[in-house]
Amino acid sequence: MPDLRDLYQDIILEHSKRPRNYRTLEAANRKAEGFNPLCGDHFTIYLEVGDGQIRDISFQGSGCAISKASASMMTQAVKGKRTEEAEELFQKFHHVVTGKNGVESNDLGKLAAFAGVSEYPVRVKCATLAWHALRAALQGEQHAVSTE
Amino acid sequence: MTTAANTAFRPQAAAHADFDVYKVRADFPILARTIHGKPLVYLDNAATTQKPQAVIDTMVRYYTAENSNIHRGVHTLSEQATQSYEQARATVRQFLNAGDPREIIFVRGTTEGINLVAQTWGRANIGREDEIVISAMEHHSNIVPWQILCEQQGANLQVAPVNDAGELMLDEFEKLLGPKTKLVAMAHVSNALGTVNPVRKIVEAAHRVNARVLLDGAQAVPHMSVDVRAIDCDFYAFSGHKVYAPTGIGILYGKAELLEAMPPYQGGGDMISSVTFEKTLYNRLPHKFEAGTPHVSGTIGLGAALDYVNSTGIERIARHEKQVLAYGTRRLLEIPGLRLIGTAREKEGILSFVLEGIHPHDVGTILDQEGIAIRTGHHCAQPLMERFGVPATARASLALYNTMEEMDALANGLLKVREVFA
Ligand SMILES: Cc1ncc(COP(=O)(O)O)c(C=O)c1O
């Protein structure tokens, strides 16, 4: 039986209560929304991208602890990264939260805290919602991405 | 934990000699299951109910000894299956106190029943600029079919508001009624709030302006005695799976004179009396609306489920559920930061709530670890969530087998949720 503490790790709870980069971004030149119609989670990701680099990133919205913490920690993880590095990080993150073999969660730094999500399949969408919105923003898609 | 003292005030579950909830529980094999090593506390009955052994046995018996197609064969099996199928219709007629078994149409569920009315009666009777009135507490299945119809016919949808307790604002509703109103479509009981709507008053007001009334009875039929003739509604729909029957079977009741005049829903076998390439004659009621091979085993299972409810006694069920609801309400209100959504005076066994600072989804995951099954989300009632300014709620919904102890388990589980997020 999975332990709740594997899912709700301290760092996740902490970020859900005090999300980082939780604001709009004046200088944003990309923006995308992520929406999970099943539970009503809804986030907007703001990006300032230049020369293939994520210069700044922020988010706003509402959702469960997992989705909010994931959005918050994602903004920290990708700020300053090149867009292809962010994409690579997303791939690794996705593998870890879906419990796929082959990716060491220690490649992920703090994001490894989300490894416990793999024991809760219905929560994978919560953990990846902000990431899907990030990708949509990077690809310049204007419409909202939905997890359904 | 903090509850040992509180449970001392728990009313005795077996307060009534004629309803023994523990005996009832023994009728439902799934309730013996454990989830994550804890006894299952099933509080998602508004989504679907568990099935008593009598229903399971009936369906096994059908497939073991009676299976065949109905209304088609001269052989014995077909005759027996047809008889069982029509017996189920007679049981439903009696259960709703409809006047005539021809008024009972077997459909897939509430959703199909409403869509049937929208696309047959609605296409024939709703015109440009006509109005359909619903309420702010409808399930999506009593919103979207009317939106589609309005789009097709150039008609307009009007929405009657609810107050902060989650009750229909009857005076506002009546103001919406007028010569253009052709239909009122409303929940008998709200799945997201538990509110019981004053259906007699709704029907009277609608009939005064010559509008027809469809009631969505999905959440009413399991919990109260429903008499469609006393209510005088024109259509009434419900789902078998919410009243201890299998999925995939439901009922549309309609007044015979309306059903007679309505065009058919789907074309196919059984719904015709003769077919040539030039002209097809439709079958009589109720077969006109039952094209194709129906869900025979489900229908027979529904009959068995209603027999089960009848033998337990709907009034006894209602009284028991009311007691558990009252106790559960009290226990939940002791939880710091808990806000109940839906506090109507007339209410069925639904406890919809939010916990301050904690998303319902997280509440659901943590309760699941305690073996407690609740629903979290918008409950297919997004406009209603908006009305109450929440993206989602957690919802515990009751059935006849729920106990006072389970309300304690829920309250304890919620204290645990608060601990995790402390
Ligand atoms: C009030 C109400 N109406 C309609 C429905 C739809 O029922 P079904 O999905 O069985 O067609 C439900 C159940 O989800 C409900 O609670």
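I count a residue as near a molecule or strand if one of its heavy atoms lies within 4 Å of it. This is a predicted model, where local features need pLDDT of at least 70, side-chain atom pairs count only at pLDDT 80 or more, and totals for chains, interfaces and linings use all residues. Residues are numbered from 1 along each chain as its sequence is written, chains are lettered from A and ligands numbered from 1 in the order in which they are written, and side-chain values use heavy atoms, with hydrogens and water left out.

**Ligand site**

I started with the ligand and listed what surrounds it: Gly109(B), Thr110(B), Thr111(B), His139(B), Ser141(B), Asn191(B), Asp216(B), Ala218(B), Gln219(B), Ser239(B), His241(B) and Lys242(B). Sorted by class, that shell has 1 nonpolar, 9 polar and 2 charged residues. My classes: Ala, Val, Leu, Ile, Met, Phe, Trp, Tyr, Cys and Pro are nonpolar, Asp, Glu, Lys and Arg are charged, and the others, Gly among them, are polar.

Next I looked up polar contacts (a pair of N or O atoms within 3.5 Å; within protein, one must be able to donate a hydrogen and the other to accept it, and residues adjacent in sequence count only if both atoms are side-chain atoms). For Thr110(B) I found a backbone N or O atom 3.4 Å from an oxygen atom of the ligand. The side chain of His241(B) has an N or O atom 2.8 Å from a ligand oxygen, and a polar side-chain atom of Lys242(B) also lies 2.8 Å from an oxygen atom of the ligand. Taken alone, the ligand exposes 390 Å², and the protein buries 84% of that. The areas are Shrake-Rupley values with a 1.4 Å probe; for residues, only the protein chains shown count as cover.

**Seven-stranded sheet, chain B**

My helices (H or I, at least four residues) and strands (E, at least two) are DSSP runs, numbered from the N terminus. Two strands pair if DSSP finds at least two bridges between them. In chain B I traced an open sheet of 7 strands in the order β4-β10-β9-β8-β7-β5-β6, with mixed pairing. Its edge strands are β4 (104–107) and β6 (156–160) of chain B, each pairing on one side only. The twist averages 20° from one strand to the next; axes are lines fitted to C-alpha atoms, for helices over the stretch in contact, and angles run from 0 to 180 degrees between N-to-C directions.

I followed β4(B) to its antiparallel pairing with β10(B) (residues 250–254), over 4 bridges. There, Ile104(B) stands opposite Tyr253(B). Helix α5(B) (residues 110–125) lies across β4, β7, β8, β9 and β10 of chain B, at about 155° to β9(B); contact here is heavy atoms within 4.5 Å.

**Four-stranded sheet, chain B**

I then found an open, antiparallel sheet of 4 strands, β13-β14-β17-β16 of chain B. β13 (338–340) and β16 (375–377) of chain B stand at the edges with a single partner strand each, so one side of each is left without a neighbour in the sheet. Here the twist averages 30° from one strand to the next. Between β13(B) and β14(B) I noted 3 bridges, with Arg339(B) opposite Val354(B).

In chain A, β2(A) (residues 41–50) pairs antiparallel with β3(A) (residues 53–62) over 9 bridges. The two form a hairpin with 2 residues between them, and Asp51(A) in the turn has a positive phi of about 50°.

Most residues other than glycine have a negative phi, and most peptide bonds are trans. I flagged His36(B), not a glycine, for a positive phi of about 50°. I also flagged the cis peptide bond joining Leu285(B) and Pro286(B), with omega about -5°.
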